[in-house]
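Hi,

Here is the structure I promised to pass on.

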Amino acid sequence: MGSATGPQRQFPSGADYAEALQHTQLCFRHPELKGARPELTKLGLPRAISGAFASVFSLTSASSGQRYAIKCFTRHVPDQERRYESISSRLAQLDPAELSQPWNLGFEYLPDAISVGSHRYPVLKMEWVEAVTLSSWLDDNHTHRFAVDRLADRFEALTRDLATHEIAHGDLQHGNLLVASDDTLRLVDYDGMYVPALAGMGGTERGHRNYQSPIRGNDDFGAALDRFSAWVIFLSLKAIASDPALWNRLHEPSGEFLLLTEDDFKNPGGSTRLQTLLAHPDRTVSGLADQVRSLAFQPLDVLPPLAAAVPRQRAAATTSSAVSGGGTAAAPGTGGLPGWMTGHVSPQATPTPNVPSATAPDGFHTRTPLDIAIAVLLPLMLVAAVVMFVAGFSAPPIGPGAPIVAAIALTTFARSRRSERAQSRAALAELTNELAQLDDPVKAAEKQRKDQAKFDEAEAKRAAAYPRAQGKVTARYHAELKEAEKRKVRKQRDIDKKIDGLSEELCRALAKALTDKQSAYVRDHLSRRLIAQSPPHGIGPKLAARLAAAGIRTAADFTGYRSVQNTQYNSTGAVLVLSSGRVIDVHGIGEAKAIALDVWRKDLVASAKARQPTALSASERQSIEQGIASRRAQLTAQRKAVESEIEALRVKARKQMEDDQKRLTRENSLAGDQARQQRQEFSRRTVALQQNSALHGTLSASVEAARLRQRGLSFGCYLRFLYIGR
Amino acid sequence: MPYTAEISRSNPTSIIFLVDQSTSMSDPIGGEVPQQKADVVADAINRLLTELSVKCAKEEGVRDYFHVAVIGYGATVGSAFAGSLAGRDIVPLSEVADNPARVDERSKKVPDGAGGLVETVVNFPLWMDPVAHGGTPMNRALQYAESLVAAWTERYPASFPPIVINLTDGESTDGDPTAAAEAITSHATADGAALLFNLHVSAAGGTPTAFPDTADGLPDSYAQTLFAMSSPLPSHMRSYAASQGQRVSETTRGFVYNADVTTVVQFLDIGTRATELR
């Protein structure tokens, strides 16, 4: 993948080229291409064949009538010009007479050849080749065993041509191998080709994944690049040649592979396709399949070239049927290479997954001395039985049945010694065991469906619960706001009442201050009038002295008198009321004197009242007003405090709400992530289920086949084998 | 690792375009040449469909690596295909490629090779026409897409997950689209969750905010909502965006605010960039 790190030249897209190629008179300067006629789609746009790096268009030259494939690049390829030049000159050096078939195509790299927008870009001008891709050729020809087998050999010859010249194509696959009308191969798309002049440079692509070793990396670039893909293609062609039905069985109609895919190389144990080839009765096929299986885990440069192994392989293939019966064909599970491969493959340990066993040979093979002895003995015993019967020899312990019983016993014994029986039993047991370990696909699918339904239901509930929870949080927030507002109004109303009362309070305070001032004036006046100095009528100095002794010196010292009924003398007396409220009886002060004192005092009061102040002074007034103002300020501050107290409550509630919402969102997105993972897991399981179901089918078929084979080892079959050898 | 599934005919992916067709789409888009937003968006999608057809063209014809839906939302919500595909939802690419509503001839100036420009006519296939009528029922559009995504992930559990691309110019008129967006991205294949990308087309001009990795600095809550709805870009789209000169980080999202004409085209190019096609 072209992960771009530096500034790279931007290339036009396929559609940009398709647009420019509507006017080849304008976009090209090259005499062969200027005005060339592009092949069009039914919409009237130039028809493209696109790959990851480029789109190819078919143009017929106006000047020469020659048809070309013009490759227009849609992505930057490092050192593109240098690569093409090296490849072009290497291919030009090949002597056509030395090649197995004319597989190489001429091409020319033309820098700045095409104008798109306001820039010019290079193109690759290639010979147009009339040929079909390997996959479509196989669609049409897979039943022609001879033609397919010949193509396999031609492919092998092609890889030998490449190896001889230290060239590697880099992306051998069904789309880059074309088959011409004479059934010889053409190799196209040289973008990723290795030639010795490019040694030390990196690769530009990794090749088609269904043809590449799982361990091929980005940096692999060298003459050994094609080895794994060559084995894969050769195996596929040989297998189809041997058994054309494999094409429809293992190849999918639009599948981007021949018989095997990347997954089959990566996971041979779980691969139905590879198992089918490994278990194939044709030893060439099973041997090649085993080769591919073991090569998948070896470094590219130790892989044997296809060309080197093939001559030996051919010899083996022709003799393989003659040495049948030599045990299992592909020795699966042991990792061992077939004999013909030894010496070509490094004996490195390869991971070999546990795979269900392949076929045991059908029926009995190769009689042992024991079998021959039984074969000789059996008729003798039968003859003995007949002779005994005819001779009337019928003593109870050894009647004519005895030889027959002995014959049956011997045969049973000999049959039980045959290795085929043990093998067949073992194979069947292993397969049955494998099958038992697989879940029943129908049950598993049902469980998956149920799990998914349950999950969907839970998800629907969750989806519904989330807005409900959000609503609850919002509702609580609103309720708290409302409560706070109510509280604020209540408190402020109380304070407002107090503020409103302040003016009245001011009036009252002012009035009271005036009254106080006036009464203080009167009291002061009264306190200045000494009884002794200006005594009221009838109060002499003696009485005044007595009054003074009782604490009454001035008019301020008493407030009035109270008449007292003197029961003892049945006369009316009087007591004086002090300013403290206490009453006092002063000797000599009777009712008349008390009245005189009271009148005196009242006169004084009246005269004082006439002169008392009628208003407060400005400063007195101010001080009172100040007191009220400070009360007002206090209350206003309280009112404000309520405001901010409630605001704090509101903020707290809001924060609580936001925290709750955030928590809900977090929980929901967490649950969402989990749900997503769960769905992904479901999808994964569905895929596994589909694969499992396929494997289950294959295994069931294998079990069925093994049972059939076991039936081929019956007593009757053994008897036949004893005499016929099959 | 998610978003690495190869796209093949047996494991295709789907691209679902949601196209805002509200009245305001008839306003001009920001940019040098005044063009209606609806025209720009329709042109970009028509061009992209040609692009995909060319990209997936092989010897035998266009391969169904992609299945495409174009859903319009405005006065109604439903397929925006015109011509013989009218009313269809998800259509295999080979069928799309063969059935444009019509092929327009458009004039275009190209260099004449002598330093000047010459006017030529090029064929331009059209699958949808610009429409600008009605409100912005984004919720309904997303719900519509969700039903398509749900069916797709069930049918192709191993495929690269569906890509939903929402092109809009205004606020949803049928409620907060967040939940509907989440519903889309809650569907997943074995390769990852469905992707939702949002493109906001500008009327105002100004600088586009392309592929941000944080909501900080987005002008309003509407932009923040769209940002939050958008999926992070998978790594292959990130590297492609970087190669196109975009600044991206690990958490870059498939979202552009205030896009101009160039950005619309680039956004579609990046948002539909496939992993390897096989």
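**What I found**

In chain B, 76% of the contacts between residues at least 6 apart in sequence join residues at least 24 apart (a contact means C-beta atoms, placed from the backbone, within 7 Å). Before the rest, a word on the source: this is a predicted model, where local features need pLDDT of at least 70, side-chain atom pairs count only at pLDDT 80 or more, and totals for chains, interfaces and linings use all residues. Residues are numbered from 1 along each chain as its sequence is written, while chains are lettered from A and ligands numbered from 1 in the order in which they are written.

Staying with chain B, there are seven helices and 14 strands (DSSP runs numbered from the N terminus: H or I of at least four residues for helices, E of at least two for strands). Of its 278 residues, 56% are buried, with 20 or more other C-beta atoms within 10 Å of their own C-beta, again placed from the backbone.

Now the interface. Chain B puts in 40 residues and chain A 38. On the chain B side, the elements giving two or more residues include α1 (37–55), β7 (102–111), β8 (117–126) and α6 (235–243) of chain B. That side splits into 16 nonpolar, 14 polar and ten charged residues (nonpolar: Ala, Val, Leu, Ile, Met, Phe, Trp, Tyr, Cys and Pro; charged: Asp, Glu, Lys and Arg; polar: the others, Gly among them).

Over in chain A, there's an open antiparallel sheet of three strands, ordered β7-β8-β9 (strands pair if DSSP finds at least two bridges between them). Its edges are β7 (131–133) and β9 (185–187) of chain A, each pairing on one side only. The twist averages 40° from one strand to the next, with axes fitted to C-alpha atoms (for helices over the stretch in contact) and angles running from 0 to 180 degrees between N-to-C directions. Strand β8 (177–180) of chain A pairs with β7(A) over three bridges, and A:Val132 has A:Val179 as its bridge partner. Helix α4 (134–141) of chain A lies across β7 and β8 of chain A, at about 90° to β7(A).

Last, a helix pair: α14 (419–437) and α18 (618–711) of chain A pack at about 155°, axes 9 Å apart. α14(A) and α18(A) are therefore roughly antiparallel (the label for angles over 145 degrees). Their contact involves seven nonpolar, five polar and three charged residues.

Cheers

Definitions and conventions:
Contact = placed C-beta atoms within 7 Å. Buried ≥ 20, exposed ≤ 12 C-beta atoms within 10 Å, placed from the backbone. Parallel < 35°, antiparallel > 145°, perpendicular 65-115°, else oblique.
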